Amino acid sequence: MEKALIALAAALAVSIPALATAYAQARIGSAGAGTVAEKPETAGTMIILEAIPETMVILGFVVAIMLILQFA
Amino acid sequence: MIVDMVRVAVWGIGSEKDAIVEELHELGMLHLDIPSTPPLASDELKGLRLLGATILGMVEALGWKEWDRISDEALLGTRGKIRFESPEVVDEIAKSLEEFKRRLHLLLEERSSLMETLRSLRMTHQVAYHFQTFLEEEVSKGKCVSIWRLDHKSHARALSQLRSRLKVVTSPEERPCLSHHSVQLKDNEAILAISVDPQGKEIAEDFMRLTGGMPWHPPDETKGEDILKSIEALEEKFSWVPKRLKSIDEELERCREEWGPHLAVLYFLIEEKLDQLTVKQLAVKENGGMFVIEGWIPAEVLETLTARLKERFNGRILIQWRYPSSEEWHEVPTALDNPSQFKPFEIFLKLLPVPRYDEMDPTALIAIFFPFFAGCMVGDIGYAIIMGVLGWLLRRKCKRELWRDIGSVIIHMACWSAFWGVAFGELFGDLGHRLIHMEPLWVERSQAVLPVISFSVGLGVVHVLLGLFVGFLHGLRHKDNHMWMERLANILLITALIIALVHVKGWLPKSFFTLSVSITIVGLLLLLKVGFLGGLVETIGAVGNILSYVRIAAIGLSSAILAVVASRFVDALGVSFIGIFLALSIHLLNLILAVAGSGLHAARLHYVEFLGKFYKGGGKEYKPFARKRGSLVWKRR
């Protein structure tokens, strides 16, 4: 039971930030597509902006790994 | 590094103004301060601009886009033959282009009209094809057939009402003759063909008009004696139009090949002449019989410039130069000059505002840390080899400078990936271990996660502290008290935090705790001096930035696990076609993710976490007054 709860916590640590990241990237992506259509030279900047919300899910992933390594 | 610039003033006599401007244009070293306000357009400028716009319009109408194919030799050859010295030359060129322009216009007009005809013929052909059998049958029975366009919803009611009307002309013994056939078009529109006896023709036509029907006819050019003849003409026209379109396209292609490069060269030369005229109007200051032209050049080419000008104009020219004062730094254009191994990394600055002349050029630091971080994320010898080959191909095969630079960056990434691959003992995941018993030199990252995470956070500490230190130096150099104090406070507080954490772990003696507290107090006092709250937020942000480097470990770990998963397919499915195919597919996916993800995240670590600590930008790019070169990447304005 305890292991199942740890696994659930680790899954939530990844999945909730993943959903938030997906939402943020979708919004940035649509705005970025509009920007690139008007100013193609901003494509590089937009790709970088698209990568910024990934921090959330990466930190979530690390938290999940720590949870599993520390408690499982 | 940012190249040292000098301010140069070239004095000459008015009669040699044109020759000196042309020589400076040829040398292509001087960056001129041309005001952004447009020059007053003289007749010469207007004529040239009009000709340039006409030629550009012709090039675009032709659909010729190979601007990169224009060679220096082609430009040089034409430059020697055509000189835009007077409006008469411009008029002469415009006249000589007139005939081709007219021919091109006619071809394009015909093409566009044929395209329109083809579209309408296609629709008409569709309708005619649908009704052809019905029409042939009814006409052979001696009936009168007409075709109508009407609303799809009302056509059933209209037919039943028409049948009632036709009873008037039909004897009571027989049923009224009415045959019909219909097809629905989009937008609720229908085409209805009705066939009636000759005596009912007029009634039927009047009724259809009353119910809102519009008679359908084939296009005028295919109109025959009757509808069937029209359909025949339609078929003929329908097969002729694509043939004519094809021959027009072939002719346009011939024109494109023959005229495109010539027009492009002419356009380049007109742009050059316009540049010269603009410079003469806006950048040259005249005083009596003398004139002066001022600008910035890199200090390293000053000698070449003076030698060339003196050689050509001997004692009839005076050249003055000086280094810029600190008050002028904001006006000085920025030119970057880095060693060849760092130069490709200048592309990272292209996404940022141009660095200011008095700023530090971060290219060398990016060249050191970017491939190191990206390589640490990939960390696989097998992937490194593929990346190396890809980078080499990009460098060798691509003509565009941008792609060659990207190729060089990928090669650097590949070298560090191979280094980290040896450290982590990875060759296509665990394939190296299975086949040649490869062992990691440091740790196997899919097993020892915590050491890799700690290492990546350590990298973050070093990188962020380095960024803060550069910012601190920048603040000191420019006597920006707020900047240097804030950066120093950040450095002290982060150092104190690290000492405290290490002390808590028991790796340092107790006296270090006092040191940590002392450093914190000094850091907080500095923050108080520069506005406590803003500085504190900055410090917390810097700690967050350090934690962000954990992505190096996280992305690397996911890449390593995916590579192991790919190899497991062969375990599960055996050395079969499906097993090997799936393993290769996963490896390919992993490779793409590794190259794109590692590059993207390493770039982000630089843009957000590192450069944000000291880089401001807002400088002017060094754009020398130079002739167009085919070998230069040139963008049309």
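Guide: Chain A has three helices and zero strands, and along the sequence the pattern reads α-α-α. Helices (H or I, at least four residues) and strands (E, at least two) are DSSP runs, numbered from the N terminus. This is a predicted model, in which local features need pLDDT of at least 70, side-chain atom pairs count only at pLDDT 80 or more, and totals for chains, interfaces and linings use all residues. Residues are numbered from 1 along each chain as its sequence is written, while chains are lettered from A and ligands numbered from 1 in the order in which they are written.

Visitor: How does the radius of gyration of chain A stand against that of a compact globule?

Guide: The radius of gyration is taken over C-alpha atoms, and the globule rule is 2.2 Å times the number of residues to the power 0.38. For 72 residues a compact globule would come near 11 Å, but chain A has 17 Å. The C-alpha atoms of chain A fill a box of roughly 55 × 15 × 10 Å along the principal axes.

Visitor: What makes B:Phe428 buried or exposed?

Guide: A residue is buried if 20 or more other C-beta atoms, placed from the backbone, lie within 10 Å of its own, exposed if 12 or fewer, and partly exposed in between. B:Phe428 has 24 C-beta neighbours inside 10 Å, so B:Phe428 counts as buried. B:Phe428 lies in the loop between α11 (401-424) and α12 (431-436) of chain B, and its phi is positive, near 50 degrees, though the residue is not glycine.

Visitor: And why is B:His437 given its class, buried or exposed?

Guide: B:His437 has 8 C-beta neighbours inside 10 Å and therefore counts as exposed. B:His437 sits in the loop between α12 and α13 (449-477) of chain B. Its phi is also positive, about 55 degrees, although B:His437 is not a glycine.

Visitor: Which class does B:Lys280 get, and why?

Guide: With 17 C-beta neighbours inside 10 Å, B:Lys280 counts as partly exposed. B:Lys280 is found in helix α7 (residues 227-282) of chain B.

Visitor: What is B:Lys280 in contact with, beyond its neighbours within four places in sequence?

Guide: Two residues are in contact if their C-beta atoms, placed from the backbone, lie within 7 Å. Leaving those neighbours aside, B:Lys280 is in contact with B:Lys17 and B:Val21.

Visitor: How do you know that the length of α2 of chain B agrees with its number of residues?

Guide: The expected span is 1.5 Å times one less than the number of residues. The 20 residues of α2(B), residues 43-62, should therefore span 28 Å, and the end C-alpha atoms are 28 Å apart, which agrees.

Visitor: Where do the buried residues of α2(B) lie around its axis?

Guide: The buried residues are B:Gly47, B:Leu48, B:Leu51, B:Ile55, B:Met58, B:Val59 and B:Leu62. After α2(B) comes B:Gly63, with a positive phi near 80 degrees.

Visitor: How many residues does each chain give to the contact between them?

Guide: Chain A gives 13 residues and chain B gives 14 residues. On the side of chain A, the largest share, seven residues, comes from α3(A).
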